[in-house]
Each structure stands twice: as C-alpha cells, then as structure tokens.
Amino acid sequence: MRPVTTALWATAMLVGLQLSALSPDDIVDLSSKNLSSVPRDLPQTTEILDLSCNHIQQLHRGDFKNTTLLKFLNISWNSLEEIDPETFLDTPLLENLDLSHNRLTNLTGQQYLLHTQNLVVLNLTHNVFLTMTLGSEFGSLVKLERLALGAKNISMGDFKNIAEVKLHTLTLCLEDALDYERGSLNDVHAYRLQMAFTGHQIMGCDLFADALSLFVEVELTNLTEGYKDLSRRMSERAEIHTSHHYLTNISITWADLTHYVNTVLRTSIAHLSASDVIISELPYVDTPVVETSKMKSFTARRAVVNSFFFSQEAVYNFFMNQPVETLALVETSIIHMTCPKLQSPILELDFSFCALSDTIFSRVEGQQRVECENLGNVRKLTLVGNNLKNLQLLSKRMQNMKSLQHLDLSLNSLFYDGLEECVWPPDITNMNLSSNGLTDLVFKCLPKGTEILDLQNNQVSVIPSTILELKNLSFLNLNFNRMRDLPACNGFPLLNELLLKSNSLHAPSVNKLESCPQLKILDVSSNPFTCTCALRSFISLGIKSEKSHTGIELLSWPLGYHCTYPEVVRNSILNKISIPEVSCNVGLLATAILCPAVVMIIAVVSLCHRLDVPWYIGMIWQWTRAKHRARTRQVRPEDLVGIEFHAFVSYSQHDADWVHNYLLNNLEGPAGGLRICHHEKNFVPGKTIVENIINCVEKSRRSVFVLSGHFVKSEWCHYELYFASHQRLAQGSDSVVLVLLEPLPQYLIPSKYYQLKSMMGRHTYLEWPQDRAKHRLFWANLRAALQADLPNVPVTELEE
C-alpha cells in the first residue's frame, strides 16, 4: 500500500480498536486470495474483514448479510467499479471503510453511503475521480471524523454537502496536474488538513494559502520540491489560522530547510514538526537564525543526511539557536550538541534516541573543556536512549542550568563510581535514571531537592544508610533492581510512594516501614517470596491493605504476589498461604511443646510412683546384672573347693521369725533349691562362736546379711560382718549380699559398722517390700544373686 492508504487503514484500526478484546473468529483476513467476489460463508461474528488485494469488481446487496456485526472493512487494491446502493444495508455498525486504490468514477454517485451513518473513517483515495464534487449522500455521515479523498479537479462548491459534518482530519491525495480553484475548501469544517503528494509535483500556492487560513493543523507529506514558493506564499500571508504545521516524509536541501524554518519563525505558526526528513547539501559555515519568534516549538524526528562532507557544528548551531520554547531532535544520529551563542529562551530540550555522548553542550578551548552557560532557562531536559555514561560528568554539563527541574537520562549506560562529587543545579525535582547501570552509589550523586526519582531497571541492591538526605522525595521507583529488603526512610521522611516490583525480596522487613510515616502506596509484586515465618508480617500487611482503605495501599495485591519457596507452595498466592503463629513464635512453640511434655512427665511420674515402678525397675536391673555376672564370670573349679553352701545368712535373733518363715522357705528346698547356712542349724557344738562364724563364712560362696535396727545392735552380727568383709576382699565384691529388712538411715548405724556404711554407699542392696505383690520379684532377684553350681556334697556332711 502507499503511505497514505497505510496510514489511514492503521488509523481506522486504532480508532475502533477501542475494540474490546476480539477473538480470532471476529477477525477475518482474506487479503491476496485472488477473490472475484465477496465470499458467502463469512462467519456471523465477523467484526474486522480484510478483502484487500483481490479482483472484486462489484459489490452487491446481500454480500454482507451474514456479517451484521461488521465494523471494519478493507476492500482497497481491488478492481472495484460499482457498488450497489443497498450493499451495506445489513451492516449498521460499520465504522471504518477503505475503498482506496479502485476504479470508482463518480463522487456524486456513492449512494451506498446512505446506509453507513455510523462511519467514522472513510478512505476513497486513488480512484479515478475527475472532480471532487461530493454527492448529497456524504451529508448523512454525521459521525465521520476522518475523510480521505483524491481527484484531479477541486472547485468551489465541491464540499458543500459536508458543510455540516465536523471532521477531525481531511486528507487530500493530490493527483498530478491538480487544478485547484481558490476558496474551494471554505465549506470544509475540519481541525486538520493532510495533503499527500503522489509524485514530484509542485504544490499550488492557492491551495496552500487556503490551508493556512482555514485549518488549525496542516500537514504536507511526500513533498520533494517547491519549498521556496511555499515560503514566499507563507511570508505574504498577513493572517495565518494554522498553529501546527507538519512536514512528513520529505526530501529537502539544507538551504530550503533553513529558509523554510526561518520563514515559519516569522509567522504566527506556533508549532513546526518535521518527520522522516532527508536533508542534502549540508553547510560548511553557520546559517543565520531569526532571533525572535512567536513559534513555541520545533521538532525534527528521524532526520538523515546524504552528504558526507559538512560542518556538524554549523548544523547543530542552527537548531540550538532557534528562538523557541521547546526544541526536540529525536531518533536522529547526532553525536554532539553545541551550546547556544547567546542566552537561549528554550524551556524544554528533547534529544531522545540520538547518539549523544558525555561532551554534550560543552566545548574545548585550548586544553580546557568549557561548560555551557547559555541554557539557564531550560526547565526540562530529555536525553533518553543516547550514549551517555558518566553521571558525574553529566552533572558538570548541566550545573549552569539554574532553572532545570525535570531531567530524564533513562535508557543510557550511566554509571557512578563515587570518586568525585556531583554538582547538579539546585532546582531539579524530577529525576529519571531508569534503565542504566547504576548501583547503590547513585544515592550519593542525586540533587538534594529531588521529589520524584525513577531508578527502575538498574543494579541497586541496597540503599546506603549514609546517603545524602532527600528531604523532599515523595516518589521512588526501584522496580527491576536487586533490592533484597525494604529500605528505611531515614533519608527521605516524606516518601509517599515506593515501587519495588521484580527485585530480590524474599521476606520484606515490614518493621522498616515504621520509619516511613507518609508512605501511602507500596508495590512489592513479582518478587521471589520465601513463604516461611519471616513473611508472616508482610502477608498480614497485604491482607490489611486488602480489607482497609486506610494505611498503606499494596499495589497488585494479591494476584501479583506468589511463593517461590518452599517447593510445596510454589506459585501459590500469598493470601492463600497459612503460616501458624505457633510455628514462628519461639515462646509459643516452646510452650506448646513443653507444657504437654511437662504434663506428660508429671502424669508418668505420678503413675510410676503410685505403681512403684522405680522399685520394679531397680529389682529387674539387679536381677539382670546378677544373671549377666553369672553367665560372664568364669569360676575356676579350685575356687569352689571347700564350698558347701550357696550362702551364709547373718541376722539378729530378733529377726529370726522372718528368716525362718520367709527367707529359708523361699531359698531352700523345692522352692529355691539353694543350700543355706545359718547358726541355728549349722553351728557345731563345742566350738566357739567365732570359730563357727569363720567356718560358715569359709564354706559359703555368699554371705547374706539381714539388716535391721536390731542387726546393728548385735555384737555377733558385727563379727559376722567383719569376717565376711575380709572374705569379700579375697573372693570379690559380689560375695556379700545385703538385704534391708526395714529402713535403716545412716545416722542409726554405729560408727563401728563403718564397713557396712561403706558397702551400703557403694553397692546396691535389696529392700524387703511391704507389698505382698512384690515378694515374688524380690525372691527371684535374691535367688539370682545367690545362684551358683556347687560341687556335690554328701548329705551327711551337710547335716554335720
């Protein structure tokens, strides 16, 4: 498609693509399908239909009967010659219609427009219209905003039928050898007139004069020559209604360009813009510029040069010395910009997407670099997308811009090493440093009065605690950085909005927000949250923000906040995660664990005490040890020579009943199977008591002492204990077995029984239980302690 047609179709698409989201079924692309007619099987849901670049010659009634929802129709680049008046009877919602590049012949016979009252955009350029006379049917297009037409002749009265239609843009595609009658556009009521040239023709002066007197915005596209005539015609006009003048896709020499710009500067036109400009024959010396002007802004976009040898400084000087308030040179490969020769009236400078370096505005004189002092009125400076690198050097370049308030240095390669101080002008309040390579040190190179600071897409990981105070800072954008935690607001007490989207925050420390009393808006979405105890307070903040409109508003909550760890809750939304307080509070956790444990221990101890479990455990332990010793101890046969009894029992006469009724009955005979020696049975008459004691102790493998209060009062029991203790030294520590018949405190034991005290202190003794249920275990334990394989001894010997 040609540029005008493409632009109009794109406009049509954009206007209606206030289109709510359309599904694929709503868009039908049948371009370049070699069609000769409109297909009959179009989907009923079709809203956008492209039939361009086919061979359709006629449109008939009923061609679009199934597409009652149709809003956009492109039938350009066909061979269309005839359109039935009722073609669009079934498409009441049609808003955009492109019929360009066809063979329609008469603008007075477009009766089909009577059924297109909702049209917003209509393109009829590049047909074979001889005259521009519009038929009465155009008057029914009361909603029409953009109309594109083309014809060889434009005469008075051609537009009278749209005199009541309030257009936004009228596009005239000017054919070769256009015949224009002055005043023909008087009936047109449009805000903008776009005149597109199709060849190398020269624009008629009358048409240009009418354009300047009737329309607020005038655009010339595809112009290649005739600039001097246009400049002359413009300078002759005493009154110009146009305030915005656009030159698009033009080719021009430097002399014509500068002459044309100077001419515009002398008129009342407020805004001049040139886009997609090819400049030739560039200068070697400076070109004079009008010193004063009513023009407010000059913009050049995508300008290229086709000259190899010229003075760049001369080119830059022409633009920088213009007497305008706003100067923009964007998307143009300029590598430097000079300083104005005099104090400049420029308030706004925009050099976005050029190739500027850190030397901008400065010049070298001898060995010194001189900074610019003639941009003191500049309030807004935009240097987006250049080759700027050193932030400290840039502060020097701008230190004399005393009025500078808004500075945009985004999309560069800026760094700051902290070695030298920055010297920014004092009034900067809005600073955009996004998409650079700046680190934490940047906070030491910021204007003190900054109110709005954009540092998104840099490499900031933490805000240093020693930063220069930014007392007026109210907005801070740190999206897409490397921040690991929320910053404290000690350096900027008035902070109102803080953005930390897509950083490295795992568990933001909410307590740091206590230092931000003015904070109202916070965005921490799209961070790699670790859903552990440390995140509980932040989740609480989010839930509070969701329920209450007071306090801090958490942007994108809850859908922008997901867990990344632990794995079991990955991608879960934070407000759906439950982290119990008891698992995070050490005190509660200890209480939750210890209280039941203490209760359990008390219950077990009480139960053990009630059931006398320790006694049973002790007795079982002693029994086990006795069995273990019996199995592991190697008893030599010579050690048992002369041993006739398993045990000698020593007791007080006062305890004889217990010995006879309990002890002997459970150890001797069938019940116990042990041989027991005791004085009533085994002492030999005629021998002294001492001899009998010694004899019994020597013939017994163990000595059992029945301890009681009476035992420690008996003299003979003392002798028996004395001799047994000596045998213990000879045979081993397990030759003496103590049976405590009743409690026997140490203080009741006389001092002469020091050996007994020693044995009771070092050896386990058996206590006689009062509970009859425990007797069986007691006897089993005692028998285990006394059990041994003794040599057979004749019965008669035992009886002697």
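The model is predicted, so local features need pLDDT of at least 70 and side-chain atom pairs count only at pLDDT 80 or more, while totals for chains, interfaces and linings use all residues. Residues are numbered from 1 along each chain as its sequence is written, and side-chain values use heavy atoms, with hydrogens and water left out.

## Overall picture

The protein has 17 helices and 35 strands. Both are DSSP runs, numbered from the N terminus: helices are H or I with at least four residues, strands are E with at least two. The protein holds 800 residues, and 50% of them are buried. Buried means under 20% relative accessible area, exposed means over 50%, and partly exposed lies in between (1.4 Å probe, protein chains only).

The exposed surface comes to about 38400 Å². Carbon and sulfur atoms supply 53% of it. Accessible areas come from the Shrake-Rupley method with a 1.4 Å probe; for residues, only the protein chains shown count as cover.

Contacts are heavy atoms within 4.5 Å. Of the contacts with a separation of 6 or more, 63% are between residues 24 or more positions apart.

## Disulfides

A disulfide is a covalent bond between the sulfur atoms of two cysteines. Here the test is a pair of cysteine sulfur atoms within 2.5 Å. The structure holds 4 disulfides.

| Pair | S to S distance |
|---|---|
| Cys489 and Cys516 | 1.8 Å |
| Cys531 and Cys563 | 1.7 Å |

Cys489 lies in the loop between β25 (475-477) and β26, and Cys516 in the loop between β26 and β27, so the pair ties together parts 27 residues apart in sequence. The S-S torsion of Cys489 and Cys516 is about 85°, so this disulfide is right-handed. Both cysteines, Cys489 and Cys516, are buried.

Another disulfide joins Cys531 to Cys563. Cys531 is in the loop between β28 (529-530) and α7 (536-547), while Cys563 is in strand β30, 32 residues apart. The link of Cys531 and Cys563 is left-handed, with -90° about the S-S bond. Cys531 and Cys563 are buried.

## Rings

A search of the whole structure finds 19 aromatic pairs. Rings of Phe, Tyr and Trp (its six-membered ring) pair if their centres lie within 6.5 Å; planes under 30 degrees apart count as stacked, over 60 as edge-to-face and the rest as tilted. The centres of the Trp557 and Tyr561 rings are 5.2 Å apart and their planes are at 55°, so this pair is tilted. Both Trp557 and Tyr561 are buried. Elsewhere, ring pairs link Trp658, Tyr662, Trp768, Phe778 and Trp779 into a cluster.

Arg192 lies over the face of Tyr246, 4.4 Å from the ring centre. A charge counts as over a ring if NZ of Lys or CZ of Arg is within 6 Å of the ring centre and within 35 degrees of the ring normal.

Most residues other than glycine have a negative phi, and most peptide bonds are trans. Trp557 and Pro558 are joined by a cis peptide bond, with omega about 5°. Pro558 is in the loop between β29 (553-554) and β30 (563-565). The bond from Tyr565 to Pro566 is also cis, with omega near 0°. Pro566 is in the loop between β30 and α8 (586-611).

Asp276 has a positive phi, near 55°. Asp276 is in strand β15 (residues 271-280) and is partly exposed, with a relative accessible area of 29%. Ser502 has a positive phi near 55°, and lies in the loop between β26 (497-499) and β27 (521-523).

## Asn386

Asn386 is in the loop between β21 (380-382) and α6 (391-397). At 5% relative accessibility, Asn386 counts as buried. Leaving aside neighbours within four places in sequence, Asn386 is in contact with residues including Phe351, Cys354 and Leu411.
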